[in-house]
Amino acid sequence: MKRTLTVCPYCGTGCMFYLVSQGGRLVGVEPSSTHPVSRGALCVKGWNAYAFVHHPDRLTTPLIRDHGEFRPATWDEAIATVATALKSVQERHGADSLMFASSAKATNEENYLLMKLARGVFGTNNIDHCARLCHSSTVTGLTEAFGSGAMTNSIACLDDSDLIFVIGSNTTEQHPLIGSRIMNAVRGGARLIVADNRRIRLSRHADLHLRHNNGSDVPLLNAMMQVIIAEGRADRAFMESRTENYPALAATVAQWPPERAAAVTGLTPEEIVAAARLFAGARAAMLVYSMGITQHSHGVDNVRSCANLALLTGNVGRPGAGVNPLRGQNNVQGGCDMGALPEFYSGYQQAADPLVREKFARGWGVSSLPATPGLPLTRAMNAATEGRIKGMFIMGENPLLSDPDQAHALRALESLELLVVQDIFLTETARLAHLVLPAACFAEKEGTFTNTERRVQRVRKAVDPPGEARPDWQILCDLARSAGYKEISYAAPHEIMAEIAALTPLYGGISYDRLEPHGLQWPCTTSDDPGTPILHREHFTRGRGRFIPVEYRPSAELPDEEYPFVLTTGRSYFHWHTGSMTRRTHLLDREERSPFVELNPHDAARMGVREREMTQVTSRRGSILLAARVSDIVPPGVLFIPFHFVEGAANALTNNVLDPESSIPEFKVCAVSIRRVP
Ligand code: SF4
């Protein structure tokens, strides 16, 4: 038996565990008892994270589409064909007709390399990844308010908090080990407010459960702040010494007394007042949010409101406090950090800044780097349907299931002249590709992931990849060389990290030898910097924390006579993202086999729908068939559908309307109808 310490490939909590292997095959997982996050525990996905690795569906050889069918190819042929095809699109239509989609499942080193390939080799800032679908609102909103778009505190800070405010996060299902840490804190005496109109498991442990209407977070938070100011509960000393723009915030929230907010949120004024008093009365209040806050056409405004509340009460820069976005995928924080975003190079260095471009051009040995602003992934899909994006290179993502409005996503992908997919399975998106490159999974390569609390951790190889599959970083290097960039040469991922550290001040002090045993939290700028568990302690990254007043904007599509229900989407405990790994894991698939729609018993009775009966749910975009799950988890008038299942794809229904600033889609609110299928 061999035990290899590595990082879980599922959620951003970033638990470390040992992969147990025998004779070159994985046979199990053991938690790491000393790891500061997992502390000897794992959730069901972590315990089963080895099971998909040897699945017979793994891609084992490059595939080239020939007369409509895939045929196996050698690596030499595949790499040369991809490089030539990308170059051809670039030469005929311009560099900005190409889009590169990076992966929150790939390592930091691989995200950095794809960013380098897009900008340094193919000359476009069109590089993005699935943070666009989950936390781009966080990056925009928190960067404006604090100067940094990441979780301000550490997961361990939950132990120091005496009030935890969870808004828009089904933590026990999406980030189970953080969820259980919250429950431990509550058992230890911390108070808990849960704002979520689903009766999620955490709400059973809450002192206050606010079941506000979907999309009404801004009125709720504005009214809480109005109460805090009116009752003299704001932290004046903190505001005067550490913040700016308070008068503008005070003027805006003054327009939101609890009675007005009650009419929009569906709460009572008393509930809002109680929440405000609980939050402002805490010694250390920790705000935790996730995609219930970010995935709206006003997602950035929601994030700004969270930041405003923390600034108003002095809850930033100290233990047990802070604004804490829980990042979804295992390495979505790292994907952002590595500059797999159109507006930033690694470490959030602005692509628009000529000095930044000059620095990277020098570091990479290229004559110049592109100045034209890049496209976010969601806008690139729109551009593909309009014929402006002609070629797409997708590494480890499955937009056909994960993007809003599936019919639109299909149109976008089918309109491409060139679609290359690099992945571990033949996903729904890969089936549409012209070329497919087989990649190694997390258990078959070296590298680093960065978890939601900014902890950079080592990923280690436990077994060989199947067949001819190769680590993404090796494929990207070969592709760069074949496209004419001969200077690229790394013996191993630690050399890529050395280059990242040299060009990226936030990661300046990070090297593999320093990541033993349990990683470092950025900013870590020098080789003796111990890392930063809590941001903004003495001053904010931007200097002063900035209040950004927010006016309420309703969701783009509200229920009406034809589509009288609000649909909200999310994950289930047993599955992950588009299910390509969890649905190939026997135990997880057995526990949650098929898609379902949750509807309230009152609605079910009214519609004549009984438990497990088939229903048809329809929006203006499409229609799907699902079994009914009758439950008071959802309030009347609201339906919930998990988005993991291709045979009942929630995103066939969702609305491709984008936040104007972050370009995140409004996954959390759209209007639908439901009927029983006879
Ligand atoms: Fe993996 Fe997240 Fe579960 Fe930890 S909580 S074992 S990181 S899925």
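The points below take up strands, helices, cores, single residues and backbone geometry in turn.

1. Please keep in mind throughout that this is a predicted model, and that the remarks below describe the model as it stands.

2. Strand S1 (residues 2-7) is joined to strand S2 by six bridges and the two run antiparallel, with Lys-2 standing opposite Ser-21 of S2. On to strand S3 (residues 25-31), S2 again pairs in the antiparallel sense, over six bridges, and here Leu-19 has Val-29 in S3 as its bridge partner. S2 and S3 make up a hairpin with two residues between them, and Gly-23 in that turn has a positive phi of about 60 degrees. Of the seven residues of S2 (residues 16-22), five are buried, so this strand is largely enclosed by the rest of the structure.

3. An open sheet is formed by seven strands, which follow the order S5-S4-S18-S17-S16-S6-S7 with mixed pairing. Strand S5 (69-72) and strand S7 (127-128) stand at its edges with a single partner strand each, so that one side of each has no neighbour in the sheet. The partner of S5 in the antiparallel pairing described here is strand S4 (residues 63-66), to which it is joined by four bridges, and Ile-64 stands opposite Arg-71 in S5.

4. Which residues touch the most other members of the largest nonpolar core? In this core of 61 residues they are Phe-100, Trp-364 and Phe-393. Once neighbours within four places in sequence are left aside, the contacts of Phe-393 include Val-82, Leu-86, Met-99, Phe-100, Leu-114, Val-420, Leu-437 and Leu-479. Apart from this core lies another, of 51 residues, among them Leu-142, Ile-193, Ala-195 and Ala-275.

5. A helix pair that deserves a look is helix H8 (residues 217-230) with helix H10 (residues 246-253), which pack at an angle of about 110 degrees with their axes 9 Å apart. The two helices are therefore roughly perpendicular to each other. H8 contributes Asn-222, Met-225, Gln-226 and Ile-229 to the contact, while H10 contributes Tyr-246, Leu-249, Ala-250, Thr-252 and Val-253. Sorted by class, the contact of H8 with H10 has six nonpolar residues, three polar ones and no charged ones.

6. Is Ser-290 buried or exposed? This residue is found in the loop between strand S12 (285-289) and helix H13 (291-294), and because its relative accessibility is 5%, under the 20% limit, Ser-290 counts as buried. Beyond its neighbours within four places in sequence, Ser-290 is in contact with His-135, Ile-167, Gly-168, Ser-169, His-175 and Leu-326.

7. Cys-134, in helix H4 (residues 131-134), likewise counts as buried, at 5% relative accessibility. Leaving aside its neighbours within four places in sequence, Cys-134 is in contact with Met-291, Thr-294, Gln-295, Val-332 and Ile-664. The C-alpha atoms of Cys-134 and His-539, which are 405 residues apart along the chain, are separated by 28 Å.

8. Asn-245, which is not a glycine, has a positive phi of about 75 degrees; its place is in the loop between strand S11 (243-244) and H10, and it is partly exposed, with a relative accessible area of 26%. Tyr-348, also not a glycine, has a positive phi of about 60 degrees; Tyr-348 lies in the loop between strand S14 (344-345) and strand S15 (349-350) and is partly exposed, with a relative accessible area of 22%.

9. The bond from Glu-516 to Pro-517 is cis, with omega near -10 degrees, and Pro-517 lies in the loop between helix H21 (493-503) and strand S21 (520-521). The bond from Trp-522 to Pro-523 is cis with omega near 0 degrees, and Pro-523 has its place in the loop between S21 and strand S22 (545-546).

Notes. Residues are numbered from 1 along each chain as its sequence is written. This is a predicted model: local features need pLDDT of at least 70, side-chain atom pairs count only at pLDDT 80 or more; totals for chains, interfaces and linings use all residues. Side-chain values use heavy atoms; hydrogens and water are left out. Axes are lines fitted to C-alpha atoms, for helices over the stretch in contact, and angles run from 0 to 180 degrees between N-to-C directions. Angles under 35 degrees count as roughly parallel, over 145 as roughly antiparallel, 65 to 115 as roughly perpendicular and the rest as oblique. Contact means heavy atoms within 4.5 Å. Ala, Val, Leu, Ile, Met, Phe, Trp, Tyr, Cys and Pro count as nonpolar, Asp, Glu, Lys and Arg as charged, and the others, Gly among them, as polar. A nonpolar core is a set of buried Ala, Val, Leu, Ile, Met, Phe, Trp, Tyr and Cys residues joined through side-chain atoms within 4.5 Å. Buried means under 20% relative accessible area, exposed over 50%, partly exposed in between (1.4 Å probe, protein chains only). Two strands pair if DSSP finds at least two bridges between them.
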